[in-house]
Amino acid sequence: MQIMLAWEPPMNGVFKLNVDGSRKGGIGCIGAGGIICDSFGDWMGGFAVNLGIGQTLDAELWGLFFGLKLAAAKGVPRLSIEMDSMTVVQLIKQHVPSCLHPCTGVIASCVALMSKFEFVELTHVYRERNAAADCLANWSLNMDLGGCFFDEAPAWISSILIDDLLGAVKPRMISVG
């Protein structure tokens with residue numbers, strides 16, 4: 001079955017953080033990216049970070065971490081987080097401090113950062129609703145190691161941001177049953 005999806009701005013008074021991780025197949029290079037928008041869909045900040053070599057799960061978790069750090073640095077009080085990694089959403093929501101998961105450190109750091117916001121929600125969305133963060137995460141793989149923070153939206157992402165603001169829909173096939 002085909003569904004149509006579009007990015008949606010957050011409720012009034014809430015900021016939206018979209019984050020994503022990326023991995024380049026055979027090489028194993030990982031990176032992450034994210035964007036913060038206000039309830040009008042206006043750009044508040046973004047980032048891209050080349051994380052070196054690792055797994056997709058690492059990239060997704062570090063993307064969430066860096067996104068939370070950026071939101072905290074921007075003084076965001078109320079935050080709606082969207083990401084297309086169901087695994088990370090579940091790991092964060094089911095976090096147990098005594099867990100022996102290999103990523104426990106970054107998971108615990110994300111949970112601790114999330115507790116500092118007045119309001120925070122973490123939601124899984126399909127990639128079609130996460131296009132700007134996906135673009136930044138993929139772009140990060142071409143950077144040198146380290147991060148790049150954007151107070152203003154880079155010109156090369158403007159078409160995605162315009163599509164998001166206009167509510168442009170993208171098709172996705174899903175299985176039923």
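Which residue in E3 is the bridge partner of Arg23? In this predicted model, the partner of Arg23 in E3 is Ile30. Residues are numbered from 1 along each chain as its sequence is written, and local features need pLDDT of at least 70, with side-chain atom pairs counted only at pLDDT 80 or more, whereas totals for chains, interfaces and linings use all residues. Side-chain values use heavy atoms, without hydrogens or water.

The chain contains 5 helices and 8 strands. Helices (H or I, at least four residues) and strands (E, at least two) are DSSP runs, numbered from the N terminus. Their order along the sequence is β-β-β-β-α-β-α-α-β-α-β-α-β. For 177 residues, a compact globule would have a radius of gyration near 16 Å, and the 15 Å of the chain agrees with this. The radius is taken over C-alpha atoms, and the globule rule is 2.2 Å times the number of residues to the power 0.38. The C-alpha trace spans about 45 × 45 × 40 Å along its principal axes. Of the 177 residues, 49% count as buried. Buried means under 20% relative accessible area, exposed over 50%, and partly exposed in between (1.4 Å probe, protein chains only). Among contacts (heavy atoms within 4.5 Å) between residues at least 6 apart in sequence, 73% join residues at least 24 apart.

UniProt, in an unreviewed entry, places the feature "domain: RNase H type-1" at residues 18–139. Such positions follow the numbering used here, feature names are shortened, and annotations may be inferred rather than shown by experiment. The span is 38% helix and 32% strand, and its end C-alpha atoms lie 15 Å apart.

Strands pair if DSSP finds at least two bridges between them. E2 runs parallel to E5 (residues 78–83), with 5 bridges joining the two. Asn18 has Glu82 as its bridge partner in E5. With E3 (residues 29–37), E2 pairs in the antiparallel sense over 9 bridges. E2 and E3 form a hairpin with 4 residues between them. In the turn, Gly28 has a positive phi of about 85°.

Strand E1 (residues 2–5) has a covered face of Ile3 and Leu5. Its uncovered face carries Gln2 and Met4. E1 pairs with E8 (residues 170–173) in the antiparallel sense, over 4 bridges. There, Leu5 stands opposite Lys170 in E8. Lys170 is also in contact with Asp164, as are Trp7 and Ala132, leaving aside neighbours of Asp164 within four places in sequence. Asp164 lies in helix H5 (residues 158–166). At 9% relative accessibility, Asp164 counts as buried.

In helix H3 (residues 104–114), the buried residues are Thr104, Val106, Ile107, Cys110, Leu113 and Met114. They pack against H1 (56–73), E5, H2 (86–93) and E6 (119–124).

The whole structure holds 8 aromatic pairs. Rings of Phe, Tyr and Trp (its six-membered ring) pair if their centres lie within 6.5 Å; planes under 30 degrees apart count as stacked, over 60 as edge-to-face and the rest as tilted. Trp62 and Phe65 form an edge-to-face pair, 5.2 Å centre to centre with 80° between the planes. The two stand 3 residues apart in H1, separated by about one helical turn. Trp62 is partly exposed at 32%, whereas Phe65 is buried at 16%. Phe65 also pairs edge-to-face with Phe66, with centres 5.5 Å apart and planes at 80°. Phe47, Trp62, Phe65, Phe66 and Phe149 form one aromatic cluster.
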